[in-house]
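Look through this structure step by step. Keep the sequence beside the 3D view as you read.

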Amino acid sequence: MEFELVCGLETHIELSTKTKVFCGCSTAFGGEPNTRCCPVCLGLPGSLPKLNRQAVEYTVLAGLALGCSISPISHMDRKNYCYPDLPKAYQISQYDVPLCHDGQVVLSNGQVIRIERIHLEEDAGKLVHENGRTLVDYNRCGVPLIEIVTKPDFRSIEEAREYLELIQLTMRYIGISDCKMQEGSLRSDVNVSLRPKGSEELGTRTEIKNMNSFTFMERAIEYEAHRQAAILRAGEKVQQETLRYLPEENRTEPMRSKEDAKDYRFFPEPDLYAVAVPPEEVERLRESLPELPQTKENRYRQELGLSLEEARLLSRYRKIAEYFEGVLPHIQTPKNAANCILGQIFRRLKTEEDKEQAEIPVSPEALGELIQLLEGKKIRVDLLKKTLESMLDTGKGCMEFLTPEDLAGISFQQLREMCCQAVETNPKAVEDYRSGKEKALKALLGAVMRQSKGRADAAQAEKTLRELLTAPAARA
Amino acid sequence: MSVIRCLHRRLQKGELSPQELAAHFFSAIQKENPALNAYLHVCEETAKHQAEEAERQFANGSADELTGIPLALKDNLCVQGMPTTCGSRMLEHFSPVYDAAVWEQLSAKGAVLLGKTNMDEFAMGSSTETSFFGPVKNPRNPLLSPGGSSGGSAAAVAAGLAVGALGSDTGGSVRQPAAFCGITGLKPTYGAVSRWGLIAYASSLDQVGPMALCAEDTALLLARISANDSRDDTSRGLSQTADSLREPVTGKRVAILKEMLEGAEPVVVKAVEDTARRLRSLGVEIVEISLPFLQYTAPAYYIIACAEASSNLARYDGLRYGYRSEAPANSFHEFVCRNRQEGFGEEVRRRILMGTYVLSAGHHEQYYQRAKRIQIKLREELEAALEQVDFLLCPVCPKADFPAGETSKAPVTAYQADLCTAAANLSGLPAISVPTAVWENGHPVGVQLMGRAFADGELLHLAYWLETTGTRPPYPETIRVLLDGKEEF
């Protein structure tokens, strides 16, 4: 029997607010263990939480970026469970009324992924196992997290990956999280189930917890799909359970659940009043959103005439896109800017981090000025490239590297003279060309370019040479 | 009548120094506390420094009416570096790293802290007998319970071992011991006082309340502790407390809550009727009303309070602080179970179990959600009634007293006795317990008045006038010797 894969994702993203969600402690990653905590995030007796309004705004921004509706009134709930990394023995989260609900994203193949909800909650501390002991670090405790829950709308591993990449990209774009998987600020649970191809019913699912790498997620889904297929083919039933993925062994195993029976006994957090997000605030936040990467990509293709690949790369990093758009007012052909950025500038931004930061020593205006020279036919492409390299090396403007001679250009008369000279001084090549050897023209063209020190318009030179060579020999 | 105002005048005139005043109370505590067990911790050293600071405030003219006034705090209010046990073995050696908001405010005014008072474990009880550190005796009659859970604070004030005290009231824990000990106790409007540093029992119902010998002192304490504290999301503060207690109350309307007289002991009913008569003599109009949802008060209160408590108390696992069992454990789960089993007393464990049960899947709708709906209905009924009248009058407790040791034998009967007080917690409304009479056996009896939300000042105003008409227990000897004679009640 052939099976269809069905996946849903629950993605946790740490918000990059300066302070924690219910107290004033720093959210910076790392730090000496237990140095970024206070009575509130340690849940000391008598302490009370106070909701960080910026965390609410960030959550709403995430919701708006993913097409969600925003709840005008929501509230926080307590999720009760006992675990050493959770000092209050409950996590303040949202249960029945999340801040955002009913959004969607569309993947490149047209598949619509429905977002069920996005809610705000607090992160727990971290257990550190060393020398047979377990230590607890509460620095991360109380860092704001959002959980983005999709419907089971993924039909392939590739879709799951594309979605997660898009989420990462979008959240970075709107500036609410750095989404670093290796630091745990982006991690995802995946629900996996199989069903016979063509069936509309959902099969029994398993949940693989806390994947913190794209590759591991792909492998885990693949492994889990095979495991479930084997079970189903043997006529047995898949157990609904929570699994962890072991990357070294490339397999999943059941997790010891945090409590034997999973009953979180949710109830509204009595220490906090309801969270109100009035429509005016939603509108203000909506207006503050930047143009999102998918919209940009489409616009670059449709309005600026860029290729899919170019549009995707340029829209992928917010600062690169802003740089690109900063060049546009100064030039005529967007493609010229795209070429400079995706070629020479990208070569210098080696890591993802570099591209995120996009620290480019040449301002968009300065690049625009250089491209103008090309578009005004003052310089040729190879000189542009050479000049741009010097500009990127030094941060200086293009005029520092171009001589008056470089910019003088070559008149039609000068070009014609150079071409005549090339023809006269290369009789062999002329002979070859006339006898049908097309390649011989290259040698003549080379001579013209050498003489003009590369300033000649190669196309114009070629055209002139052809005219000279096809004219009656008597004239030559 | 105001002990605080009289002491303030004497301090200001220099007839008495803050140090002398504190010493007077410490010597009384030393003499009487061993029998009463009202204080769990006495802080003579820090009090000395506070008295010195008070003296400076008098010297430089920045003294407040509370400056140099010796007070006590219930042992669920955090004071930095001082034991704060909640009457529990679980927190026997716990010492907070910060001050409760209420103590921050009082100490800023130069008040002097005498010590921390005994209480029912985690404020769960109405007799101060569930304390890990032993029961408190009623200073009026050692065979009777002082009430609870703020029984230590009530006993300390009634015995003259403090000028005033703070308690906490989740279902009646300030008002009921105040009535049993013959003093005044106010449960402010929910949100009038910051809960920052109050160790939670049931967060949506808990409120810190002042306890004193009279309404005027209660008002003075309330004025200092009410605040809109940015650290407590639920705090709002009060715009007015009680500036004009002496204005007449003629023309006010008071309704007696019928349901709360049903099943009450005859002496309790008589106290309410007597109060009504005396209010009429002050020109107050008295009516009777019936609110059907009042009958569900006790079950709704216990469901909500226990639900929140089960979550609030889940943090006491013995890992970071608190009681740790000697018995070896093979897992985190076992470690936590042992610590909690040994660290919590029976009543606390019972309420945690009840709370866990009412929140668990399958029972949530039947208990917790129903109780929340009853709470809303009850609040609507009370608020509607308070549009017709200015105040509601009812008993503090259907029983006039609890014989010592009785409540632990019949916990459910004791739960039902919270019916009169818990309505104010469920609705968030302010309520005050006023001593109005002394029976032949010498035992005091009080009545309860409820008012509109954030109209705590008006409530104190009526209480002040009611006190002027009644027979009430005399001030304790320790206090009387401090007054200049003109202040006799």
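Two strands pair if DSSP finds at least two bridges between them. With that cut-off in hand, turn to chain B. The model is predicted. Strand 5 (residues 184–187) of chain B and strand 10 of chain B are joined by 3 bridges, and they pair in the antiparallel sense. One of the bridges links B:Leu186 to B:Ile432 in strand 10 of chain B.

Stay with strand 10 of chain B. This strand also pairs with strand 11 (residues 444–450) of chain B, over 7 bridges and again in the antiparallel sense. Here B:Val434 stands opposite B:Val447 of strand 11 of chain B. The two strands form a hairpin with 5 residues between them. In this hairpin, B:Gly442 takes a positive phi near 85°. Is strand 10 of chain B largely enclosed or open, and how many of its residues are buried? Of its 8 residues (431–438), 7 are buried, so strand 10 of chain B is largely enclosed by the rest of the structure.

Now step back to the whole sheet. Strands of a sheet pair through backbone hydrogen bonds, either parallel or antiparallel. In chain B, 11 strands build an open sheet with mixed pairing. Their order is 1-3-2-4-6-5-10-11-9-7-8. Find strand 1 (39–42) and strand 8 (285–289) of chain B at the edges. Each has a single partner strand, so one side of each is left without a neighbour in the sheet. From one strand to the next, the twist averages 30°.

Strand 1 of chain B pairs with strand 3 (residues 112–117) of chain B in the antiparallel sense, over 3 bridges. B:Val42 has B:Gly115 of strand 3 of chain B as its bridge partner.

A helix packs on this sheet: helix 7 of chain B. Helix 7 touches strand 4 (164–169), strand 5, strand 6 (207–212) and strand 10 of chain B. The direction of helix 7 makes about 145° with that of strand 6 of chain B. Helix 7 (residues 215–225) of chain B has 11 residues and 10 of them are buried, so this helix is largely enclosed by the rest of the structure. Among the buried residues are B:Glu216, B:Asp217, B:Leu220 and B:Ile225.

Next, move to chain A. Two packed helices are described by the angle between their axes and the distance between the axes. Take helix 7 (residues 318–327) and helix 10 (residues 364–375) of chain A: their axes come within 8 Å and cross at roughly 45°. That makes helix 7 of chain A oblique to helix 10 of chain A. The crossing of these two helices is right-handed. Helix 7 of chain A brings A:Tyr323, A:Gly326 and A:Val327 to the contact, while helix 10 of chain A brings A:Pro364, A:Leu367 and A:Gly368. These residues divide into 4 nonpolar, 2 polar and no charged.

Another pair follows. The axes of helix 8 (residues 334–348) and helix 11 (residues 381–394) of chain A come within 11 Å and cross at roughly 40°. This crossing is right-handed too. A:Cys340, A:Gln344 and A:Arg348 of helix 8 of chain A meet residues of helix 11 of chain A, including A:Lys385 and A:Glu389. The contact holds 3 nonpolar, 1 polar and 3 charged residues.

Last, see where the chains meet. There, 32 residues of chain B are in contact with 22 residues of chain A. Helix 9 (297–312), helix 10 (332–343) and helix 11 (346–359) of chain B each give two or more residues to chain B's side. Which of these gives the largest share? Helix 9 of chain B does, with 3 residues.

Definitions and conventions:
Residues numbered from 1 in each chain as written. Chains lettered and ligands numbered in written order. Predicted model: local features only at pLDDT ≥ 70, side-chain atom pairs only at ≥ 80, totals over all residues. Axes fitted to C-alpha atoms, helices over the stretch in contact; angles between N-to-C directions. Helix = DSSP H or I, 4+ residues; strand = E, 2+ residues; numbered from the N terminus. Parallel < 35°, antiparallel > 145°, perpendicular 65-115°, else oblique. Left-handed = near helix turned anticlockwise from the far one by under 90°. Contact = placed C-beta atoms within 7 Å. Nonpolar A, V, L, I, M, F, W, Y, C, P; charged D, E, K, R; others polar. Buried ≥ 20, exposed ≤ 12 C-beta atoms within 10 Å, placed from the backbone.
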